[in-house]
Amino acid sequence: MTDATSTKKRSPRKWLLTQNSDLRRIGVWNWTLPAFVVELPDGSNFNVCPQAGVCAQLCYARVGTYRFKNVRAAHIRNLLLCRDSPEEFEKKMTEELSHRRYEGKWIRLHDSGEFFSDEYLLTWMRIMENSPAVRFYCYTKEISRFKRLVVPSPPANFLWCYSLGGKEDHLIDLGSERHADVFPDIEALISSGYSDQTESDLLSVLGESPLVGIPANRIPMLLKRQGKETFGSLQRARDAKLAAKNSSTKHNLTLVH
Ligand code: SF4
C-alpha cells in the first residue's frame, strides 16, 4: 500500500536569489528590486532609488526584459517583502543563505534597485553578519547612507563600489574611493584610465584599480541618449546647471528684498 503523503507532490522551493546568464557564468547569485519609481499594486508610487540622478534616464533595468510582466511582478514581490515585512525578509533570507548552494559564493545585491532606507540597509548588514560563509557585493549611489552606516563598521564579508550618475556623486572622492562610471564603449573607458570589468562583474570590487569602467548596455535607445558622455560627466553637467539656477534664484530674491 502506498502512503498517501509520499505520493503527494511537493511544491518546488521558492528561492529569493536568482541568477542571470552573466552571473551564472561567474557563480554569482543576485537579489533584485524594481528600478526607480514604481507603481505598487495598491496604486501608490514608491521610489526604490532615492539618489538616482541622470542614471534614471539611462537605466537598463527600466527597459527590455525587466519590463516583462512576470519579471516585474517578481521584483515588486521582493520589494514588498523587504519593505513591508522586514523581519520576515531577514529571517527568510538568512535561512536561504544557510543552504549549501551558497557556501563560499558571492551574492550581488541589486542589479536593479537600491538601498532605499536606513532600515533596509541595516537589515542587510545583519543578514551578512549572520551568513559568514557567504560573500556580498554591490554598486551603490546611496553614498551618504553608506558613509554613515557601513563605512564606520562594515561586515567582514561585504564589499561595495560607489557608482556615478546619482545625486550624491559629489560626495565621492574620485581620486581615492572605489567607484564605477558607465562609458559609451570600452575604448572610451580605457582612454580615461578606467579598468574594464567586462570579464567579470566581481572586478568591480576585487579588481586592482579603484576606477571601474563599465561599457554602456547595447540598448540603442539608451546608447543614443548617452551619446559620447559618461554617467559621471552627465551628472556633473546636471549638477552645474542646477547650481547656476539656484544661485540666480538666490540673486533675484536678494534683489527683491
Ligand atoms: S540607481 Fe541603478 S537601478 Fe536605480 S535608476 Fe539608477 S541605474 Fe537604475
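Me: What makes β5, helix α6 and β6 a right-handed β-α-β unit?
Reply: Picture the strands pointing away from you: a crossover is right-handed if the path from the first strand over the helix to the second runs clockwise. The unit of β5, helix α6 (residues 143–149) and β6 is right-handed. Helices (H or I, at least four residues) and strands (E, at least two) are DSSP runs, numbered from the N terminus. Keep in mind that this is a predicted model: local features need pLDDT of at least 70, side-chain atom pairs count only at pLDDT 80 or more, and totals for chains, interfaces and linings use all residues. Residues are numbered from 1 along each chain as its sequence is written.

Me: How do you know that β5 and β6 pair?
Reply: Two strands pair if DSSP finds at least two bridges between them. Strand β5 (residues 135–140) and strand β6 (residues 158–163) run parallel and share five bridges, so they pair. Within them, C138 sits opposite W160 of β6.

Me: And what makes β6 and β7 a pair?
Reply: They are joined by two bridges and run parallel, and S163 has A180 in β7 as its bridge partner.

Me: Why are β1 and β8 called edge strands?
Reply: The open sheet of seven strands goes β1-β4-β5-β6-β7-β9-β8, with parallel pairing. β1 (28–31) and β8 (195–196) each pair on one side only, as edge strands do.

Me: Which residues does C161 contact, beyond its neighbours within four places in sequence?
Reply: Contact means C-beta atoms, placed from the backbone, within 7 Å. For C161 the list includes Y139, A180 and V212.

Conventions:
Two residues are in contact if their C-beta atoms, placed from the backbone, lie within 7 Å.
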